[in-house]
Amino acid sequence: EYLQFIETLKGKPASYYAFETLYCCGLRLGEMLALTPADFDFERKIIHVTKSFQRIKGEDIITPPKTEKGIRRVLMPDFYADKMRAYIESLQLNENDRIFPFTKSYLHHEIRRGCADSGVKRIRIHGIRHSHISLLIDMGFTLKDVQEWLGHSDIKMTANIYAHQVARARAAAGGVRAGVFSILKEA
């Protein structure tokens, strides 16, 4: 569904790259909206997540991430890093200019439009983050890896949200070991 949806945004580069960033890197919406060229290390293929964007009473505010663990480095897939580098260079921004200079409401409009144009059922913006994590789990990442990737402060939160996906991935890989669900709930 995401692949169908994203095709409809190819003619709107800012929207396209915003959603690609959410999907390919698993960032929170506010973290993605706060990104500047200085946050990207294309040599090491890392995004430095150090801030979040909010609009409060009509004023654009940059704050620290949601939690202390929210300050982190996120790896970029090779194909994404190459596309994103070219996109950022095309914008000719200063190092501390926001790459995506719009609000959450703009992206909510874009996701509704893209879903309607592509014919896919409604996708929630935060659901794109969950889709990213599903991919990581399917690739064999552990809950601890996922916790660090997402910037969750507590492994229990990660386990509560994603334990069913870990169990599904293990089952697909050849069977679920006895007791896996109780182990994940204790984490």
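These are legends for close-up views of a predicted model.

**View 1. The whole chain, for orientation.** Reading from the N terminus, the elements go α-α-α-β-β-β-β-β-α-α-α-α-α-α. Out of 187 residues, 47% count as buried. Take the contacts between residues at least 6 apart in sequence, and 62% of them join residues at least 24 apart.

**View 2. Helix H2 on its own.** H2 covers residues 13–25, and most of the helix is tucked away, with eleven of its 13 residues buried. The buried set is Ser 15, Tyr 16, Tyr 17, Ala 18, Phe 19, Glu 20, Thr 21, Leu 22, Tyr 23, Cys 24 and Cys 25. How far apart are the end C-alpha atoms of H2? They sit 17 Å apart, which agrees with the 18 Å that 13 residues should span at 1.5 Å a residue. Just past the end of H2 comes Gly 26, with a positive phi of about 70°.

**View 3. H2 against helix H6.** Here H2 packs on H6 (residues 125–138), the two axes lying 7 Å apart at an angle of about 40°. That angle makes H2 oblique to H6. On the H2 side, the contact is made by Phe 19, Leu 22, Tyr 23, Cys 24 and Cys 25. H6 answers with Ile 125, Ile 128, Ser 131, His 132 and Leu 135. Sorted by class, the residues of this H2–H6 contact come out as eight nonpolar, two polar and no charged. A reminder for looking at any such helix: with 3.6 residues a turn, residues three or four places apart point the same way.

**View 4. H2 against helix H5.** Now for another partner of H2: helix H5 (residues 104–118), whose axis comes within 11 Å of the H2 axis and crosses that axis at roughly 95°. So H2 is roughly perpendicular to H5. From H2, the residues involved are Ser 15, Ala 18 and Phe 19. They meet Tyr 106, Leu 107, Glu 110 and Ile 111 of H5. The class count for the H2–H5 contact is five nonpolar, one polar and one charged. Phe 19 turns up here and is also part of the contact with H6.

**View 5. The three-stranded sheet.** S1, S2 and S5 make an open sheet, in the order S1-S2-S5, with antiparallel pairing. S1 (40–41) and S5 (72–75) are the edge strands, each with a single partner, so each has one side left without a neighbour in the sheet. As a rule, strands of a sheet pair through backbone hydrogen bonds, either parallel or antiparallel. S1 pairs with S2 (residues 46–49) over two antiparallel bridges. In that pairing Phe 40 stands opposite Ile 47, and Asp 41 stands opposite Ile 46. Over on the S5 side, S2 is joined by four bridges, again antiparallel. One of the pairs there is Val 49 with its bridge partner Arg 72.

**View 6. The S1–S2 turn.** Which residue in the turn between S1 and S2 has a positive phi? Lys 45 does, at about 60°, in a hairpin that leaves four residues between the two strands.

View 7. Arg 73 belongs to strand S5. Is Arg 73 buried or exposed? With a relative accessible area of 56%, Arg 73 counts as exposed, because the cut-off for that is over 50%. Setting aside neighbours within four places in sequence, Arg 73 touches Arg 44, Ile 46, Ile 47 and His 48. Phe 40 is 33 residues away in sequence, and its C-alpha lies 9.8 Å from that of Arg 73.

**View 8. The S3–S4 hairpin.** The other pair of strands to look at is S3 (residues 52–56) with S4 (residues 59–63), antiparallel over five bridges. The hairpin has two residues between its strands, and Lys 57 in the turn has a positive phi of about 50°.

Definitions and conventions:
Residues numbered from 1 in each chain as written. Predicted model: local features only at pLDDT ≥ 70, side-chain atom pairs only at ≥ 80, totals over all residues. Heavy atoms only, no water. Axes fitted to C-alpha atoms, helices over the stretch in contact; angles between N-to-C directions. Parallel < 35°, antiparallel > 145°, perpendicular 65-115°, else oblique. Contact = heavy atoms within 4.5 Å. Nonpolar A, V, L, I, M, F, W, Y, C, P; charged D, E, K, R; others polar. Pairing = 2+ DSSP bridges. Expected span 1.5 Å × (residues − 1). Buried < 20%, exposed > 50% of the residue type's maximum accessible area, 1.4 Å probe, protein only.
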